[in-house]
Amino acid sequence: MTTATDETHDPELKSWVDSANAEGTDFPIQNLPYGAFRRRGSGEPIRIGVAIGDQVLDLRLASGRTAWPDDVASLLTLLAEGDLNAFMALGPQARVTVRRALSAALAQGSAHEAQLAGCLVPQTDAAMNLPCRIGDYSDFYISVHHATTIGKQFRPDNPLLPNYKWVPIGYHGRASSIQVSGQAFYRPTGQIKAPDAAAPTLAPSRRLDYELEMGIVIGSANAQGEPVPMEHAEDHIFGLTLFNDWSARDIQGWEYQPLGPFLSKNFASTLSPWLVTMEALAPFRRGFSRPADDPQPLPYLDSPQNREGGAVDVELEVWIQTEAMRQAGHAGDLLSTSNLADAYWSVAQLVAHHTVNGCNLNPGDLLGTGTLSGPQPDQAASLMELTSNGKRPVKLSNGEERGFLEDGDTIILKGYCQRSGLRRIGFGECRGTVLPARGDRAA
Ligand code: CA
């Protein structure tokens, strides 16, 4: 369990990068998340960077510009090659070593300031890439509030299926269509069958939705055939990101039986560019518990550490900016808020469950949490829930309404951790835009 804190978490710690000390920045010196980028408009190789205030520290440059202790230097040399997966595979100790070195080097009063100042790139000049290679992607369903609300729409008398409180429900998704924040994708076309129609037709989805999720990014692998026990599950997690699992509800409704979602989900998914490490999240942990009347987790999904601090307190927001808002210079409307800590299963339980049969996870594998709806109706994390399947459209501040997404809509996910006495850290943005279906575009 990654709950140990050290000098890098000191809320009083300040950076010589002034913007990192600004109130409300997502990237104070206590955060130090990893991303991959190149300078906008350049053809330079992708490099790994660490976000600090409104800048990125280019690790390709930083590796060679100043003297580092030997253990740090060898890790930075690996990072300088631009392959985050190779670093991720090393596990938590390598991360802690680099975190402590970068924290000291970026802190006020550091002797490295003069050399490292030349390794900073303004984030506005950085074209972000996916932070790592995502080999495999599995998606879970860990919000009992989401599962219950969606279940009610299909089965009003029996919303939650009997396995839900015993098994972390998941399915295997597709990694090829996952792109970094800023993604614009065509409205998908698929088989759709209206309830009163005799046969389906092939048409662009009219019930396109977002899903506010978080991504759990795997660091070190487990060997095939070797389950990861709960006590070690978080040793295999590199960090967390924001994740939007775009979903076509009309395609989903027709195709999902009996094997689950397929083309309704795999046309596009959007990931935020910064991987916030488990070390940065360490001060924001919360106990994990179950209502006394619910089944308690089976022993392989339980541990004292999980009960003590298995939940992660991440506050989440969904924003919409329509095309009309964009043209009017309007930043968008807040649609809903929720919190990862309200989920029914913890991140450690997802790793323990995913591997209990011997399935091997690899560096860069992505586990989606599933839609993170909270207990209150206004904490619904998809339009299907927020608008009761399109029947009660949300009214936007500029007079527009949305049952489902329209062409030109941009959805922006945000997330942050804040707690009294600690420095707030954030995840940046996960932003994606719906383009018209390909057949609908003007020639
Ligand atoms: Ca999903």
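This is a predicted model: local features need pLDDT of at least 70, side-chain atom pairs count only at pLDDT 80 or more; totals for chains, interfaces and linings use all residues.
A salt bridge is a side-chain nitrogen of Lys or Arg within 4 Å of a carboxyl oxygen of Asp or Glu.

Entry 1: I looked up R424 and D26, whose side chains come to 2.9 Å, N to O.

Entry 2: Next I looked up the domain assignment, which gives domain 1 as 7–129 and domain 2 as 137–435. Their C-alpha centres lie 28 Å apart. I found 31 residues from domain 1 and 28 residues from domain 2 in the contact.

**Entry 3: what the interface holds.** How many salt bridges cross the interface of domain 1 and domain 2? The rule finds 2. I also noted 15 residue pairs in polar contact between the domains. On the domain 1 side, β1, β2, α3, α4 and β5 each supply at least two of the touching residues.

**Entry 4: buried area.** The two domains bury about 2,400 Å² between them, with 62% of it on carbon and sulfur atoms. My friend D26 turns up again here: with M88 and R95, D26 loses the most area in domain 1, and the three together make up 25% of what that side buries.

**Entry 5: a sheet.** I then traced an open sheet of 5 strands in the order β9-β26-β25-β20-β21, with mixed pairing. β9 (183–186) and β21 (333–339) are the edge strands, and the twist averages 20 degrees from one strand to the next. β9 and β26 run parallel, joined by 4 bridges. Across that pairing I spotted F185 opposite V434.

Terms used: Residues are numbered from 1 along each chain as its sequence is written. Side-chain values use heavy atoms; hydrogens and water are left out. Two strands pair if DSSP finds at least two bridges between them. Axes are lines fitted to C-alpha atoms, for helices over the stretch in contact, and angles run from 0 to 180 degrees between N-to-C directions. Domain bounds come from an automatic or database domain assignment. Contact means heavy atoms within 4.5 Å. Buried area is the accessible area (1.4 Å probe) that two parts lose on being put together, summed over both. A polar contact is a pair of N or O atoms within 3.5 Å; within protein, one must be able to donate a hydrogen and the other to accept it, and residues adjacent in sequence count only if both atoms are side-chain atoms.
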